[in-house]
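Look over the sequence and the model shown here before reading on.

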Amino acid sequence: MRNDKKAYQVDRTPTELLSDLLVQLKFLRQECLHYDAGDWSYGAQIATKLRLLLHQTKYSDSLLAQITKRFAFSCPDFLSLSTVRGELPNKGRTDFVRSPLIQYQMIHQPEVPPVLTVQPLSLESGKRYTRRAFKTWWDGIDILLIDRQHFLSRKGVCLLANQEGGAHVQPGMDEKAALLRRRAANSLQIAAPLPDGQTRIYTAEIDQVLAAVVRTIAAETLYTFEHAILPRCQIALSADEKD
């Protein structure tokens, strides 16, 4: 007797597969709304949806891979919101947490805590953005530098899904995630003068960096699916229905 799960499976129709993609994109949008409302813990759930949509392994096909194969088109280039082109300058020499997919916000007022709040990037109307081949966009460029030794690509943020509460909570923590969560890596600090001549030091909230990076990747992913992938699926499906 064959002990093969696939022997008991039937293929999804193109219509079913497209419907499932739309549902997953809906879930991703909803989780982004929770994050945008101030619940940063949804970063782990966003990472889980990104893993399902984009992360290909030898054991499972990403939804992106299934879609491009079933509807017979090449994977389009993905939108990049990165504030730098290519690798980060001084990679391997920087000594504080940084990413081209986030920004730090400082509110210099006495009643506000002295922190640099982490903010994801979003699309700006009228601005032109770079697009990259999916393989390069997903795993070819480091987009998070934690210190001189620890780097992460977009693919690397799947650790939030795999180990840090998205789909699993492992007994041990990934070293990179632990450095951020425990604020043990070097944080960006900015000194700002006060009216009395003193100086106030603002420190970046690096424990929220991974979630903010994931939120930016979600914005890139949603844009690419909505503007480059879904239209191709719908055109292919219409053509099949006419045949």
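Which residues does T216 touch, not counting residues up to four places away in sequence? In this predicted model, T216 is in contact with L81, L101, P120 and L121. T216 belongs to helix α7, which covers residues 209-242. The relative accessible area of T216 is 0%, so this residue is buried.

The chain as a whole gives the setting. Its 243 residues include a buried share of 43%. The secondary structure consists of 7 helices and 8 strands. Along the principal axes, the C-alpha atoms fill a box of roughly 75 × 50 × 35 Å. Among contacts with a separation of 6 or more, 68% are between residues 24 or more positions apart.

Helix α1 runs over residues 14-36. With 23 residues, α1 reaches 33 Å from its first C-alpha to its last, close to the 33 Å expected at 1.5 Å a residue. Which residues of α1 are buried? They are L17, L18, L21, Q24, L25, L28, E31, C32 and Y35. After α1 comes G38, with a positive phi near 115°.

Two packed helices are described by the angle between their axes and the distance between the axes. For α1 and helix α3 (residues 63-70), the axes come within 11 Å and cross at roughly 150°. The crossing is left-handed. On the α1 side, the contact is made by P14, L17, D20, L21 and Q24, and on the α3 side by L63, Q66, I67 and R70. By type, the residues of this contact divide into 5 nonpolar, 2 polar and 2 charged. L17, L21 and Q24, which take part in the contact, are also among the buried residues of α1.

Helix α2 covers residues 43-54. Its 12 residues span 16 Å from the first C-alpha to the last, close to the 16 Å expected at 1.5 Å a residue. Why can α2 be called largely enclosed by the rest of the structure? The reason is that 9 of its 12 residues are buried. The buried residues are G43, A44, I46, A47, T48, K49, L50, L53 and L54.

The cysteines come next. A disulfide is a covalent bond between the sulfur atoms of two cysteines. How many disulfides does the structure hold? The count is 0. For C32, the closest cysteine sulfur is in C158 at 15 Å, which is too far for a bond; the cut-off for a disulfide is 2.5 Å between the sulfur atoms. Seen from C158, the closest cysteine sulfur is that of C32, again at 15 Å and too far for a bond. C32 is buried, with a relative accessible area of 3%. C158 is buried as well, at 4% relative accessibility.

Strand β2 (residues 102-105) contains Q105. Is Q105 buried, partly exposed or exposed? The relative accessible area of Q105 is 38%, so Q105 counts as partly exposed. Leaving out residues up to four places away in sequence, Q105 touches V115, L116, T117 and Q119. D147 is 42 residues from Q105 along the chain, and the C-alpha atoms of the two are separated by 21 Å.

Backbone angles are the last topic. Most residues other than glycine have a negative phi, and most peptide bonds are trans. Which value does phi of A72 take? Phi of A72 is near 55°, a positive value in a residue other than glycine. A72 is in the loop between α3 and β1 (78-80). With a relative accessibility of 67%, A72 counts as exposed. R183 also has a positive phi, of about 55°, although R183 is not a glycine. The loop that holds R183 is between α6 (175-181) and β7 (189-193). At 46% relative accessibility, R183 is partly exposed.

Notes: Residues are numbered from 1 along each chain as its sequence is written. This is a predicted model: local features need pLDDT of at least 70, side-chain atom pairs count only at pLDDT 80 or more; totals for chains, interfaces and linings use all residues. Side-chain values use heavy atoms; hydrogens and water are left out. Helices (H or I, at least four residues) and strands (E, at least two) are DSSP runs, numbered from the N terminus. Buried means under 20% relative accessible area, exposed over 50%, partly exposed in between (1.4 Å probe, protein chains only). Contact means heavy atoms within 4.5 Å. The expected span of a helix is 1.5 Å times one less than its number of residues. Axes are lines fitted to C-alpha atoms, for helices over the stretch in contact, and angles run from 0 to 180 degrees between N-to-C directions. A crossing is left-handed if the near helix is turned anticlockwise from the far one by less than a right angle, and right-handed if clockwise. Ala, Val, Leu, Ile, Met, Phe, Trp, Tyr, Cys and Pro count as nonpolar, Asp, Glu, Lys and Arg as charged, and the others, Gly among them, as polar.
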